[in-house]
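Please have the sequence and the structure at hand.

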Amino acid sequence: MLSFNNTEISFSGKTNKDLKRSYWLFKLISYNWFVSMGKVLTNIALKLHLPIKGIIKATVFKQFCGGEDIKECDKSIKDLARFNIGTILDYSVEGKEAEKDLNACATETIATIAKAKADKSIPFCVFKVTGLARMHILEKVSANEELTKEEQKEFARVSHRVGTICKAAHDAGIPIFIDAEHSWVQNAIDDLANQMMALYNISKPIVYNTFQLYRKDRLGYLKHSFNNAVKGNYFLGAKLVRGAYMEKERARANEKRYPSPIHETKAETDTDYDSALLFCAENIDRIAICAGTHNEDSSMMLVDLMQKKNINSQNKHIYFSQLLGMSDHISFNLAEAGYNVAKYVPYGPVREVVPYLIRRAQENTSVKGQTGRELSLIMKEKERRNSSN
Ligand SMILES: Cc1cc2nc3c(=O)[nH]c(=O)nc-3n(C[C@H](O)[C@H](O)[C@H](O)COP(=O)(O)OP(=O)(O)OC[C@H]3O[C@@H](n4cnc5c(N)ncnc54)[C@H](O)[C@@H]3O)c2cc1C
């Protein structure tokens, strides 16, 4: 019987020392004041070029990132592969807008495809379109605003980068996810993803768009995308997530006085997420999905759906995915039970991935003084190991 409560399986990849380190890390980041202060001090220290890289690398970076470059991720890739968990290398450098940085990001993504081709434990690659384009240009294209001659050329370069990456993924036979981002740049991302799917998903799913089910319109859009795939005779690749930008989305809608695109309640988001899983499971011959979630109920619901619909646990059209350093109780128990699991393994130079690390820390601060889920699971496993000695 699959259960996410089995901490022995959840932490089978961690030595006692690893567990202790994770315990102290999650304990520290459970304090709101610590994370707020840490954020300010880290940013100041980085600006002043103080030598804090070592501390970050030995603590939060070690918990949530694979390494500073692809080579350094080898240990994480092997550690996960021992437990039948795949790796999705995620180049997590954000907020760069110079042409040379956008080109460098494309080159780096293509390097992850080459790595995946050579290593069976990397089932997918991934990229963010904002790593390849300035926000401003995506925003204008998304709003259907007229582009200047220069901007038209700039957007042609963005399309070219996306096209080159997807072609490389297709030629290598490695499926690739296109992450979803803020709603005000998402139309441009969707259009690019749809063009790529129509081109490269003919004989098997290669390109996956991402659907954020916290948006009121995305369940409908998923169905619309599926109908287009059926009409166009290609596979729909769909990464299903709840969505990561809720506060920013609401704040912008409020400021610019348009209705928020985000569901009013968590329950509505949950209902749409689970309905999306159901819709995909019912059409699994033409849709390939990745359930990118740390939600236990949704993960278990997908397992139940697979059993009810006689979908083999190894069916390549269904993957479960979580982030490195989080929700190992879901990843490891699913993999042990024979389901397809892959974890996002973020990587990049320490100073460049600090915004990513701060977000992970913020996610794990305590709500109203309660012990967070990661921390309580670690505590449970520590107790189990102590009592079995
Ligand atoms: C492998 C993977 C890939 C991902 N890729 C992307 C991506 O491409 N784009 C992206 O945006 N995010 C992405 N995410 C993040 C994801 O969207 C969620 O923010 C995160 O996983 C938390 O949601 P959950 O399903 O894990 O769990 P839960 O903890 O059950 O859900 C939390 C989520 O519910 C929603 N929510 C919370 N409160 C409310 C509320 N009051 N009203 C409405 N909705 C609410 C929010 O989306 C919040 O993030 C990814 C996550 C994973 C694990």
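Which residue of β5 does Asn 209 stand opposite? Asn 209 stands opposite Ala 238.

## Basis

This is a predicted model, in which local features need pLDDT of at least 70, side-chain atom pairs count only at pLDDT 80 or more, and totals for chains, interfaces and linings use all residues. Residues are numbered from 1 along each chain as its sequence is written, and side-chain values use heavy atoms, with hydrogens and water left out.

Helices (H or I, at least four residues) and strands (E, at least two) are DSSP runs, numbered from the N terminus. Six of the six residues of β4 (residues 207-212) are buried, so the strand is largely enclosed by the rest of the structure. Buried means under 20% relative accessible area, exposed over 50%, and partly exposed in between (1.4 Å probe, protein chains only). One side of β4 carries Val 207, Asn 209 and Phe 211, and the other Tyr 208, Thr 210 and Gln 212.

Strands pair if DSSP finds at least two bridges between them. β4 runs parallel to β3 (residues 176-178), joined by two bridges, with Phe 177 opposite Tyr 208. Four bridges pair β4 with β5 (residues 236-241), also in the parallel sense.

## Surface patch

Leu 28, Tyr 31, Trp 33 and Ile 44 are among the residues that make a nonpolar surface patch of about 890 Å². Accessible areas come from the Shrake-Rupley method with a 1.4 Å probe; for residues, only the protein chains shown count as cover.

Helix α3 (residues 32-47) gives the most to the patch, with five residues. Ile 44 is found in α3 and counts as partly exposed, at 44% relative accessibility.

Note on methods: Patches are made of residues with over 30% relative accessible area and no salt bridge: like charges are joined within 9 Å, nonpolar side chains (Val, Leu, Ile, Met, Phe, Trp, Tyr) within 5 Å. A salt bridge is a side-chain nitrogen of Lys or Arg within 4 Å of a carboxyl oxygen of Asp or Glu.
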